[in-house]
Amino acid sequence: MLIVVLSVTGTLIALGIFLGLFYFVGKRCFRTIVQRFFGLTLERLLRDKYPENLMELWSAVRRTTVQNILEISLRAEEGKIIQRPLGSPKPLPHYDTLMFVAAQMARLPKEGTIPVDMKVTLGAKAEKPLQIEIPLMISGMSFGLGLSEQAKLALARAAKQVGTAANSGEGPFLQEERDEAGKFIWQISRSTWGRNPQAISAADMLEVQMGQGARMGYYAKEPSAVKGKAQKLMGISPVESVITSAVIPGISTPWDWSKYVGDLRKEAAGKPIAIKIMATGALERDLAVCLEADFDVIVLDGSQGGASGGSPMICDDLGIPSLLALVRAERFLREQGARKDVSLVVSGGYATPGECLKAIALGADAIYLGTVPLFGLVHNQIQKVLPWEPLTQLIWYDSPYKQRLDIPLASKSVANVLKSMTLEMEEGVRALGKTSLSELGPNDLVALDEWTAKVTGVKLAYSWED
């Protein structure tokens with residue numbers, strides 16, 4: 001027994017010595033290799049002429065961006081319109097230069113035990129207005145054209161958990177999504193399947209989609225991208241391209257909208273009818289048509305809005321920012337005496353509770369969120385695709401990894417995000433000394449610069465005049 005113990009001890013000592021030597025020698029070798037490689041690289045960078053120097057790429061990147069260089073390569077690959085997901089990266093004027101006026105001495109803040117009314121009614125003039133518990137809704141993201149069935153079910157389930165509405169997006173009607181959702185908005189798209197009688201009957205609100213922040217006009221997708229269940233529900237053949245027309249079928253002139261809405265209202269059975277449009281420089285002209293057509297709700301998507309795929313030019317160079325869209329729309333509706341009758345929903349770039357609450361103070365009734373719930377979907381599941389694939393591969397319809405999304409976990413994560421944002425907004429309302437969203441207004445804000453003050457009509461932060 002003693003011999004065995006000594007033998008094992010001797011073996012361990014020998015192994016320890018060997019590992020120590022290996023570590024010492026290996027460490028020195030590794031340092032030497034790294035130093036040699038670094039020295040050679042630095043020597044090349046400092047001696048090569050500019051046309052041969054790798055720093056030429058760095059210079060090009062500083063003149064443009066890595067994303068632009070990537071998109072040039074994607075265009076060079078196939079010579080087709082490229083589809084960039086999730087909208088534009090351009091930094092546009094948003095809500096950063098607006099701050100809330102906290103209640104403190106002249107007006108007292110409310111205690112944390114005081115309840116805050118966060119309920120919202122959309123389409124108040126309709127026979128059956130849409131009532132939701134919070135002012136945050138899940139934006140239209142389509143099954144098949146964008147998201148997988150797993151992702152759509154998780155979003156619908158999350159919406160029901162927090163008492164808000166889920167939007168179908170431009171895709172075909174998915175009965176399973178409607179079954180999971182509490183409040184359901186059916187988006188009538190510019191496609192052959194858009195005016196689905198079954199979906200219209202099942203919905204709590206109808207939303208006619210004429211435009212959005214990251215995509216406008218005619219849109220086509222290869223049949224291979226939507227094969228399977230979505231293709232069958234769309235009613236198209238496996239070799240037929242998926243087409244979204246430039247305009248809603250039946251609309252040839254602006255004067256056709258009144259008849260269109262009138263006919264749709266017969267199918268709606270008292271449910272509110274919304275119109276979704278891209279916010280543009282001709283916003284008031286477009287809004288005048290919306291009012292003439294008698295829509296109950298107007299949904300404005302600013303140029304920060306995203307999509308599952310939109311050409312970079314549409315994403316970057318069309319439309320106006322969400323902040324400008326909101327203040328212009330709210331002002332126009334008031335001037336027309338329509339603000340009480342027509343609800344205003346905004347979307348495009350809203351990512352924080354503060355931005356959402358500022359939008360409500362400036363006149364929005366509710367906010368659509370898209371990117372926020374998408375990132376919520378993959379929370380605690382990113383290791384299933386990283387580092388080899390982007391996070392969105394867990395949720396896109398045409399992704400080979402979509403089956404990996406855990407629906408219960410995803411729905412819980414999205415619900416938690418919406419709950420957290422709502423709680424922060426409630427805290428903000430109390431800090432303003434108020435107890436309801438309806439009490440908020442432009443007087444609860446100040447602007448940090450003259451441009452923002454002029455655009456929004458709120459008081460400058462450095463002004464002491466009432």
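I began with strand β5 (residues 165–167), which pairs with β6 in the parallel sense over three bridges. For me, two strands pair if DSSP finds at least two bridges between them. Helices (H or I, at least four residues) and strands (E, at least two) are DSSP runs, numbered from the N terminus.

A note on the source: this is a predicted model, so local features need pLDDT of at least 70 and side-chain atom pairs count only at pLDDT 80 or more, while totals for chains, interfaces and linings use all residues. Residues are numbered from 1 along each chain as its sequence is written, and side-chain values use heavy atoms, with hydrogens and water left out.

**Around β6**

I looked up who faces whom: A166 stands opposite F184 in β6. On its way, the chain makes a right-handed β-α-β unit from β5, helix α5 (residues 175–180) and β6. Right-handed here means that, with the strands pointing away from the viewer, the path from the first strand over the helix to the second runs clockwise.

Next I checked β6 against strand β7 (residues 205–209): they run parallel, joined by four bridges. I188 has V208 in β7 as its bridge partner. The chain gets from β6 to β7 through helix α6 (residues 197–202), and this crossover is right-handed.

**Cysteines**

I looked for disulfides, pairs of cysteine sulfur atoms within 2.5 Å, and the structure holds zero. I also noted that C290 is buried at 6% relative accessible area, and C356 is buried at 0%.

**Pockets**

A pocket, on a 1 Å grid over the protein atoms alone, is an open set of points where a 1.4 Å probe fits, with protein on both sides within 12 Å along at least five of seven lines; lining residues have an atom within 4 Å of a point. Points are joined across faces, edges and corners, and volume is the space filled by probe spheres set on them.

I read about 1,100 Å³ for the largest pocket. It has 29 lining residues, with I81, I82, Q83, R84 and K221 closest to its centre. I saw that α3 gives the most to this lining, five residues.

The second largest pocket came out at about 690 Å³. I counted 39 lining residues there, and Q304, G305, G306, G370 and T371 lie nearest its centre. Its largest share, three residues, comes from α13.

Technical notes: Buried < 20%, exposed > 50% of the residue type's maximum accessible area, 1.4 Å probe, protein only.
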